[in-house]
Structures are given as structure tokens and as C-alpha cells.
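Here is a short briefing for a reader new to this structure. Start with the view below, then take the topics one by one.

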Amino acid sequence: MRSEKEMFDLLLNFAKNDERIRAVGMEGSRTNINVPKDDFQDYDITYIVTDMDAFTKNDDWLDIFGIRIIMQKPEAMDLFPPEIDGFSYLMIFEDDIKIDLKILPLELLNKYLKRDKLLKILLDKDGLVPNPQIPTDEDYWIYKPPATFFDDCCNEFWHTSTYVAIGLFRDELLFASYHMEQIVRAELLRMLSWKIGVGYGYGFSVGKHSKYIKKYLSESEWDLLMRTYRMDSAENCWAALESAHILFRQASHYVADNFGYTYPDYDVQITNYINKHKNNKQ
């Protein structure tokens, strides 16, 4: 695998030698000092260019970065339409290096600079960014929720729990699993992050998709959270939902007590609702 220095030299020297590229930015984990370095980190690079068509008309210019084992171009795909401006090349190379390279027209530079605070300017040929920002992940920090946010989270968690239960009553495991994965567990992780904020403060992030949350949970909390992922049978689905309820109940009571919020009655009402129908099924 090529070293980080080799990759930055390659990416920046190419940009320096191409007059169409006026600036280079980097986003992602390599700009975040709080993210541990490893061999799987992408090089999230953006070339700010004067002529988009000159790059997009063919892919030959990309060969300078190495031999690719796969490439995805979201803006050229029909099934997965792009979500951001520019044109992207998501590439994995035979030495396992991964580059997510985007080209962006010069006229969108100001929009690009405002899009993400985890942004670092690596090259600026024309002094277009006289006061480059210092990359920060503050947009992803844990925050103290206002009372309305707390209530909304509780409402969404308990309301959607009924969809999981209904899916199980109907023996529709995929329906149940979807609502468990996409909504119930998402709100559980949100509440856990608020609980962590009470104990650890608000000047940090638990990572993309809560990937660092284990560091801040007790062993019993982590065990309950892991149980929510076991969804391969109706029995395991019920156990996962129950584990989610226990953990959410603990965390939300803790948050409510510390902030002086009222703990809503969704818990009691929905628990009774699910148990009533569950008992009728037995």
C-alpha cells in the first residue's frame, strides 16, 4: 500500500501541473484529528476546475492514480442518483488505496466551502480562499436537547415500536426489521448520545453512525444494544425490541431527570398496547 505522503504527493502534483485545476480541498476522516488513522481511510479529495467537460468526457486521466479494481461514478448512474454537486469518481485500487475524487466547477467554490466544516484546503493557486477554515467536527457533536426534541424522540421511538410489533404479529419479519433498524434503533442511539452528553460533556462526537459509542457505554448497556441487532427469527425480534425498550427507558429517564424534563407516558401506553396484543396472540 502506498504511504500517505506518496498519495498526497500524487494527488497534489497532478493538480499543480494541470492548469484547469485551480484549487484542491479535502473532506472526510483525514481532516478530523479525532478519528484514529488506519489503512481503510479514504482520500476524500475535491478538485475545483475551470472546465468540467474536459475531465468528464473520458476516464483516461484517472489512470495516473493507479490500477483500479472498481470505480463508481454516481452522477453517471440511473439507479443511484447523485445527492451533491459536481462529478464524483469513487475508486479502489489494487494496493487497497481508496480515493473518493470529486471535480467541482469553479463557480461553485463558495457553496463548497460552506457545505462542511470538516474541510481543508490543500492547494489554492489563485488565493481564492484567503482565510481557510480550520477543520472541525463540531457539526456532529453531542448536544443538549431542548425539551421539545426530547419529547419528539420519545414519541418517535415508542410510536414506531408498534410497527415492529405489528410486523411480528403478522409474521412479517422484514417489515418489523426495517422499522427496528431504520427508526427505533436510530432514536435509541440518539437518546444514548444525549445521556452520554450528560456524563461526558458536549464537545465531541460519537462518530458517524455512532461507531464510537461503545467507549461511553457500560458493559450492560453495550450488551443490551447488541441484542437489538439479533433479528433473524420472531423470537429474537421480540427479544431485540424488549432490549431496546429497556435501554431506551433507562437512558430517557436519566436524561429527563438531569434536565428536569417530564418523562412522557408513551412508554406505559405503548408497552400496555403491545403486551395486550401479544397476550391475545398466545
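Glu 4 is partly exposed, with a relative accessible area of 33%. This is a predicted model. Glu 4 forms a salt bridge with Lys 37, and their closest N and O atoms are 3.2 Å apart. The pair links distant parts of the chain: Glu 4 sits in helix H1 and Lys 37 in the loop between S1 and S2, 33 residues apart.

**Salt bridges**

- The structure holds 20 salt bridges.
- Lys 37, the partner of Glu 4, is exposed, at 58% relative accessible area.
- Glu 4 and Lys 37 also belong to a network of salt bridges that includes Arg 30.
- Arg 2 forms a salt bridge with Asp 95; the closest N and O atoms are 2.7 Å apart.
- Arg 2 lies in the segment before H1 and Asp 95 in the loop between S4 and S5, so this pair ties together parts that are 93 residues apart in sequence.
- Arg 2 counts as partly exposed because its relative accessibility is 22%.
- Arg 22 forms a salt bridge with Glu 19, with 3.2 Å between the closest N and O atoms.
- Arg 22 is buried, at 14% relative accessible area, whereas Glu 19 is exposed, at 59%.

- Six strands form an open sheet in the order S3-S4-S5-S2-S1-S6, with mixed pairing.
- Its edge strands are S3 (68–72) and S6 (120–124), and each of them pairs on one side only.
- Neighbouring strands of the sheet are turned against each other by 20 degrees on average, direction ignored.
- S3 pairs with S4 (residues 87–93) in the antiparallel sense, over four bridges.
- Arg 68 has Phe 93 in S4 as its bridge partner.
- Helix H1 (residues 4–16) packs on the sheet and touches S1 (21–27), S2, S5 (98–105) and S6.
- The direction of H1 makes about 10 degrees with that of S2.

- Asp 44 is found in strand S2 (residues 43–49).
- Asp 44 is buried yet has no salt bridge.
- For Asp 44, the nearest side chain of opposite charge is Lys 98, 6.3 Å away.
- Leaving aside residues up to four places away in sequence, Asp 44 touches Gly 25, Met 26, Glu 27, Gly 28, Ser 29 and Asp 100.

**Cysteines**

- The structure holds zero disulfides.
- Cys 154 is in no disulfide: the nearest cysteine sulfur, that of Cys 153, is 5.7 Å away.
- Cys 154 counts as buried, at 1% relative accessibility.
- Cys 237 is buried too, with a relative accessible area of 0%.

Notes:
Residues are numbered from 1 along each chain as its sequence is written. This is a predicted model: local features need pLDDT of at least 70, side-chain atom pairs count only at pLDDT 80 or more; totals for chains, interfaces and linings use all residues. Side-chain values use heavy atoms; hydrogens and water are left out. Helices (H or I, at least four residues) and strands (E, at least two) are DSSP runs, numbered from the N terminus. Buried means under 20% relative accessible area, exposed over 50%, partly exposed in between (1.4 Å probe, protein chains only). Lys and Arg count as positive and Asp and Glu as negative; His and the chain ends are not counted. A salt bridge is a side-chain nitrogen of Lys or Arg within 4 Å of a carboxyl oxygen of Asp or Glu. Contact means heavy atoms within 4.5 Å. Two strands pair if DSSP finds at least two bridges between them. Axes are lines fitted to C-alpha atoms, for helices over the stretch in contact, and angles run from 0 to 180 degrees between N-to-C directions. A disulfide is a pair of cysteine sulfur atoms within 2.5 Å.
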